[in-house]
Amino acid sequence: MDMRKKNPITIRQIAEKAEVTPATVSRALNRHPSISLPTVERVTRAARELGYEVSPKRRVIAVLLPKSEVAFGPYFTGLSNAVRGEAAKRGWILEAFELGDIDFLHERLLSGIIALDFIPGSVRKFCDQYNLPLVSINSAPRHPDQAREVFSNNRKALADAVGYLHGYGHRRIGCLYSSSINQRRLDAFQEACREFGVLTGDSCFHVPGRTIDRKHCILFHGAIREVIAQKLTAVILTGETGGPNLLAALREFRLWVPEDLSVIAWETPQVSEYLDPPLTTFEQDFRGMAAAAFNILDELMNRRPAAADVAVDYLFHERRSVAPP
């Protein structure tokens, strides 16, 4: 049974009665080792006097989401489903919130936080205000020391992608990226090109992301003109939703995949494998990232030595969009 339905008392009320801060109440009721035994007993006594009962077996985890104007496309749908599934396996309760609603944490008894917000600085802003174990997923390349990050291994994925195309004989390879959020992938692409000795130069082109429709298909035209002008024989598309738009735009230029241009893309679940041709893709292992994040969070909450940041390898799907030049 959800304990929140039985406990109308708030963390602020317990803090006032015990004469401690709300953060101390949360840590004390979760038996955090940094809280002294007398403080734990005082907070527990105050909670009981107010009629608040906490089950020690049910952890409550806050999930930091992006701002509401960020659409939940394939990326966030896949990642949030993986986080929900991992929490259900462990019997943990999730509380979702946005950074703008961060003050609600004063009203909750929380054990830790999983951050999914990819906006730079959001995790640091949270850590500056609250002292809770925190693990971010693909969201905090420069995070505070008390936090940890689980992220997709872009360096290995782009090296594998360039190496795969190189093995087919491609030496003029381009990268299509959809936003500054893909900077890790862009940097990894350029590093891989240097490693394999293939053309880099100005072969990285910005394309629209997130939406699959006619308008965004047309916005691919500028990048395709550059691909043609530079006589590239293969491209790597690093956004999760761009595959259908790219294929449609290439057809408007009478370019066929893989006969005229080989393509490796990022997986759009339940779409990429059904395109014509089915796209060879790299897919983020959301379940693997969620499991790793919860494992690290559990270590932090129990004050055990926690792993450093963890890179999770992509899943590779070999299909029919690559051929020799």
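Mentor: Let's start with helix α10, where G243, P244, N245, L246, L247, A249 and L250 are buried. This is a predicted model, so keep that in mind throughout. The helix spans residues 243-252, and with seven of its ten residues buried, α10 is mostly covered. For the chain overall, buried residues make up 52% of the 325 residues.

Keep going along the chain and you reach a group of strands. Strand β9 (residues 262-266) runs parallel to β10, with three bridges joining the two. As a reminder, strands of a sheet pair through backbone hydrogen bonds, and the pairing can be parallel or antiparallel.

Now for the open sheet. It has six strands in the order β2-β1-β3-β4-β5-β11, and the pairing is parallel. β2 (93-98) and β11 (310-312) sit at the edges with a single partner strand each, so one side of each has no neighbour in the sheet. From one strand to the next, the twist averages 20°. Zoom in on β1 (residues 60-65) and you'll find six bridges joining it to β2, the two running parallel. One of those pairs is A62 with E95 in β2. Packed on this sheet is helix α11 (residues 286-301), which touches β1, β2, β3 (112-115), β4 (134-137), β5 (147-152) and β11. The direction of α11 makes about 165° with that of β4.

Helix α1 (residues 11-18) comes within 9 Å of α3, axis to axis, and the two cross at roughly 120°. α1 and α3 are therefore oblique to each other, and α1 passes α3 in a right-handed crossing. I14, K17 and A18 of α1 make this contact with R42, V43, A46, A47 and E49 of α3. By type, the α1 and α3 contact residues split into five nonpolar, no polar and three charged.

Helix α2 (residues 22-29) packs against α3 too, at an angle of about 95° and with the axes 9 Å apart. That angle makes α2 and α3 roughly perpendicular to each other. On the α2 side you have T24, V25, A28 and L29, meeting T39, V40, V43, T44 and A47 of α3. This contact of α2 with α3 has six nonpolar residues, three polar and no charged. V43 and A47 of α3 turn up in the contact with α1 and in the contact with α2.

Stepping back, the protein has eleven helices and twelve strands. Take the contacts between residues at least 6 apart in sequence: 73% of them join residues at least 24 apart.

Technical notes. Residues are numbered from 1 along each chain as its sequence is written. This is a predicted model: local features need pLDDT of at least 70, side-chain atom pairs count only at pLDDT 80 or more; totals for chains, interfaces and linings use all residues. Side-chain values use heavy atoms; hydrogens and water are left out. Two strands pair if DSSP finds at least two bridges between them. Helices (H or I, at least four residues) and strands (E, at least two) are DSSP runs, numbered from the N terminus. Axes are lines fitted to C-alpha atoms, for helices over the stretch in contact, and angles run from 0 to 180 degrees between N-to-C directions. Contact means heavy atoms within 4.5 Å. Angles under 35 degrees count as roughly parallel, over 145 as roughly antiparallel, 65 to 115 as roughly perpendicular and the rest as oblique. A crossing is left-handed if the near helix is turned anticlockwise from the far one by less than a right angle, and right-handed if clockwise. Ala, Val, Leu, Ile, Met, Phe, Trp, Tyr, Cys and Pro count as nonpolar, Asp, Glu, Lys and Arg as charged, and the others, Gly among them, as polar. Buried means under 20% relative accessible area, exposed over 50%, partly exposed in between (1.4 Å probe, protein chains only).
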